Amino acid sequence: MLPARFELHRPESLQQALALLATLGDDATAYAGGTELLIAMKARVLRYAHVVDIKRLPELHGIRIEDGSKLVIGALSTHHQIARDPLVLQHLPSYAELSDNIANIRVRVAGTIGGNLCFAEPHADPPALLCALDAVVVLAGKDGRRRLPMAEFILGEFTTAREEGELMQAVEIPLPAPGSRSAYRAFGQLERPAAGVAAACHATPQGLAWRFWAGALCSPAARLQALEDSCQGLPARDVPAVIIEHAPAAVAALEVQDDLHGSADYKRHLATVLALRAAKACLS
Ligand SMILES: Cc1cc2nc3c(=O)[nH]c(=O)nc-3n(C[C@H](O)[C@H](O)[C@H](O)COP(=O)(O)OP(=O)(O)OC[C@H]3O[C@@H](n4cnc5c(N)ncnc54)[C@H](O)[C@@H]3O)c2cc1C
């Protein structure tokens, strides 16, 4: 089916795009790679009289290090660009690996990180790892920019803290301290992940400090704090056994629904296995 008729706008700068979105209000939507939006518009699940193509906005492009302390990924970076970017590969190989495993090559070359996060489809890979890495999203609106921790950006299925007329400009990820490790493991039988778990660890005077976040099986992604506490400060060799013992209780606390990807129990079980795999990848 074709989408309902709409007018296409092609602003050349962020300022122009924000002005257009402010004028057109909820009759308009932003269009980046179109991998989610066009499917929904063709199915007539979403209808907009105006579509604002944001692909030409220079302010949303590029991947760079800023202040020597954070990796800044422009919202229009495609999963494919991120997976191959030398800075991402050098500083956050776990995020490059995640990006390289999203969907298929057709989706990766068109789909953007901004589109993934703003659409907030629950079965997505990036949110869990971005939360574990303490990422921040940069939102631009007509009154200026604001920064929001990734953990506060997605509020639930297809729902975010983005205000009407705001555009995501970038995702900022603090550069990991030397010796830090992170990994993301996911599993699914359909195109999107049924469950995914991100693990991150860094050395402290009290031993290894851990972060665990589960995603895709629940929305928003959820921190597995009880599992973190169980692993805190343990020698590396003891961590796998403790995860096997404590992960089931940690994931039992998640709000998970049965869906096409599997039953809630099945996805919770997947998450326990994925937590172990992600932790082992950090320790390897
Ligand atoms: C077949 C298929 C398989 C997939 N598999 C996976 C998978 O395995 N793992 C995974 O994580 N994801 C998966 N995805 C989702 C994929 O990652 C997203 O479709 C893609 O990243 C969306 O980006 P886009 O640029 O195409 O967004 P668009 O379709 O252009 O936009 C999506 C939504 O976000 C809004 N938007 C886009 N950019 C911005 C911005 N900068 N600021 C504000 N709003 C914005 C749009 O208005 C729209 O509402 C899959 C998708 C498909 C179609």
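Trainee: Into which domains is the chain divided?
Mentor: This is a predicted model, where local features need pLDDT of at least 70, side-chain atom pairs count only at pLDDT 80 or more, and totals for chains, interfaces and linings use all residues. Residues are numbered from 1 along each chain as its sequence is written, and side-chain values use heavy atoms, with hydrogens and water left out. Domain bounds come from an automatic or database domain assignment. The chain is divided into domain 1 (7-53), domain 2 (58-174) and domain 3 (181-283).

Trainee: What is the area buried between domain 2 and domain 3?
Mentor: The C-alpha centres of domain 2 and domain 3 lie 21 Å apart. Contact (heavy atoms within 4.5 Å) links 21 residues of domain 2 with 21 residues of domain 3. Buried area is the accessible area (1.4 Å probe) that two parts lose on being put together, summed over both. Carbon and sulfur atoms give 59% of the total, which is about 1,600 Å².

Trainee: Which three residues supply 36% of the area that domain 2 buries against domain 3?
Mentor: No other three residues of domain 2 supply more. They are His123, Ala128 and Ala132.

Trainee: How many salt bridges does the rule find across the interface of domain 2 and domain 3?
Mentor: A salt bridge is a side-chain nitrogen of Lys or Arg within 4 Å of a carboxyl oxygen of Asp or Glu. Arginine 185 and glutamate 97 meet that rule at 3.7 Å, N to O. Across the interface of domain 2 and domain 3, the count is 3.

Trainee: With which residue does lysine 267 form a salt bridge?
Mentor: Lysine 267 is buried, because its relative accessibility is 0%. The N to O distance is 2.9 Å, and the partner is aspartate 259.

Trainee: Which residues touch the most other members of the largest nonpolar core?
Mentor: A nonpolar core is a set of buried Ala, Val, Leu, Ile, Met, Phe, Trp, Tyr and Cys residues joined through side-chain atoms within 4.5 Å. The largest one has 49 residues. The residues asked for are Tyr95, Leu117, Leu130, Val137 and Val171.

Trainee: What is tyrosine 95 in contact with, leaving aside its neighbours within four places in sequence?
Mentor: Tyrosine 95 is one of the core residues that touch the most other members. Its contacts beyond those neighbours are Ile82, Val88, Ile113, Pro126, Leu129 and Leu130.

Trainee: Is threonine 272 buried or exposed?
Mentor: A polar atom of the threonine 272 side chain lies 2.6 Å from the backbone oxygen of histidine 269. Leaving aside neighbours within four places in sequence, threonine 272 is in contact with Ala247, Pro248 and Val251. Its relative accessibility is 14%, so threonine 272 counts as buried.

Trainee: What separates the C-alpha atoms of glutamate 157 and phenylalanine 119?
Mentor: Glutamate 157 counts as partly exposed, because its relative accessibility is 49%. Not counting residues up to four places away in sequence, glutamate 157 touches Ala120, Pro122 and Ser219. Glutamate 157 and phenylalanine 119 are 38 residues apart along the chain, and their C-alpha atoms are separated by 8.8 Å.

Definitions and conventions
Buried means under 20% relative accessible area, exposed over 50%, partly exposed in between (1.4 Å probe, protein chains only). A polar contact is a pair of N or O atoms within 3.5 Å; within protein, one must be able to donate a hydrogen and the other to accept it, and residues adjacent in sequence count only if both atoms are side-chain atoms.
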